[in-house]
Amino acid sequence: EGIFMRRWLGLALLFPVCSFAAGVCKPVDLRPLLGAPLHQGNSGYCFAHTSSVLIRAKLGLRVSPMQLATTYLLANPEELSGPADSAVRNLLTPGFFADWKKSRLEEPGNYSPEKILTPEGLLNTGGDELQTLTAANYIGLCDESKLPTGKNVYKNYLRDIKAFHARRVVEGIPREEMELPIGEVADPEARAMAWSFRHWVSRRCGEARLPELPLVPTEISLAPNLRSFRRLQSLSLAATIATGRSRVMEAVDRELDRGNPVAIGYALSDIMPGESSQDAGLSPVPAEVDHASIFAGRRELDGKCYYYLRNSFGKEIAGYKPKLKERFENGGVWVLPEELPSLYSAVWLE
């Protein structure tokens, strides 16, 4: 097939380039659905921030990206069971769980004792929107007010988690809980740390609320991540990539017209040069940093079609490329599709 379970386009050329958006730039503005801009700080939680914004637009709830990230990183397949909507249950195929495990183990060192409770470990690990949103139907959501995200909070959280972990080690972690699986964590010492991490989040959040409406994510993609997309580029298949990108943008246009913001995957270096990114409170941006943001608007200017790209760096304007700074508005920038040459995926909620 040209589009697989997760609608990966891969190398297929079975579909012609659609002319849906050709010559059409109907104004769309979904920014009122997004809520105030959030800041991921130096964490790798762009996937959780974009997921939280999609949930905000769908349910009107401002949920904690930190809790969503913890769910993605440490949840177990056995936890995804119960009376969820049939469209959600249909996502829980063997391929879904295999993809989840594979994506979590892209950097297996993140699940070592040395990394679990450090800013360079789980607090700085990327993830996958489709899996995160699907899991939220079963594990539930945490109000952002109970576990806020932001540029300056993660160091305080880390100290708090470590203190919680130290107390639990002294008091003794219940054996029956420690024997339960914890994501991909195998090392006993790391398992204890991960157990503390999850329970600390649960303590802050209280009882998680299940979504009032099913969260049914759909993805169309040329590759599962930026690394795979770069391998595709290395094969010098420019025409194939152009066809795939046209299909992705066709989906973006269709969903914007339906009133759905869309999360996109691309390289952060498309919008932020490494030498200036520290001004925004971020680490320098290598060319291969996989990033996610939200498309939430479309407008025509000077005969060209621009898209509003809501980022997860709060209202920081420093760090963007100069031409994008001129188009900055309230936590996002207006971009042309060609200014995102690494755009490889789109995810939205049905």
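**Figure 1. The lining of the largest cavity, by class.** Here 9 nonpolar, 6 polar and 3 charged residues form the lining (Ala, Val, Leu, Ile, Met, Phe, Trp, Tyr, Cys and Pro count as nonpolar, Asp, Glu, Lys and Arg as charged, the others, Gly among them, as polar). The model is predicted: local features need pLDDT of at least 70 and side-chain atom pairs pLDDT 80 or more, while totals for chains, interfaces and linings use all residues. Residues are numbered from 1 along each chain as its sequence is written, and side-chain values use heavy atoms, without hydrogens and water. The volume of this cavity is about 130 Å³; a cavity is a set of points on a 1 Å grid over the protein atoms alone where a 1.4 Å probe fits but cannot get out, and lining residues have an atom within 4 Å of a point. Closest to its centre are Leu34, Leu38, His49, Ser52 and Val53.

**Figure 2. Tyr154 and Tyr157, an edge-to-face pair.** Their ring centres lie 6.3 Å apart with planes at 85° (rings of Phe, Tyr and Trp, its six-membered ring, pair if their centres lie within 6.5 Å; planes under 30 degrees apart are stacked, over 60 edge-to-face, the rest tilted). Both Tyr154 and Tyr157 are buried, that is, under 20% relative accessible area with a 1.4 Å probe, protein chains only.

**Figure 3. Phe229 and Tyr344, a stacked pair.** Now the centres are 6.1 Å apart and the planes at 25°. Phe229 has a relative accessible area of 0%, and Tyr344 one of 5%.

**Figure 4. Arginines over rings.** Arg299 lies over the face of Trp334, 3.9 Å from the ring centre (CZ of Arg or NZ of Lys within 6 Å of the centre and within 35 degrees of the ring normal). The charged end of Arg31 sits over the Tyr308 ring, 4.9 Å from its centre.

Note on methods: 1 Å grid on protein atoms, 1.4 Å probe; cavity = no way out; pocket = protein on both sides within 12 Å on 5 of 7 lines; lining within 4 Å. Points joined across faces, edges and corners; volume = space filled by probe spheres on them. Buried < 20%, exposed > 50% of the residue type's maximum accessible area, 1.4 Å probe, protein only.
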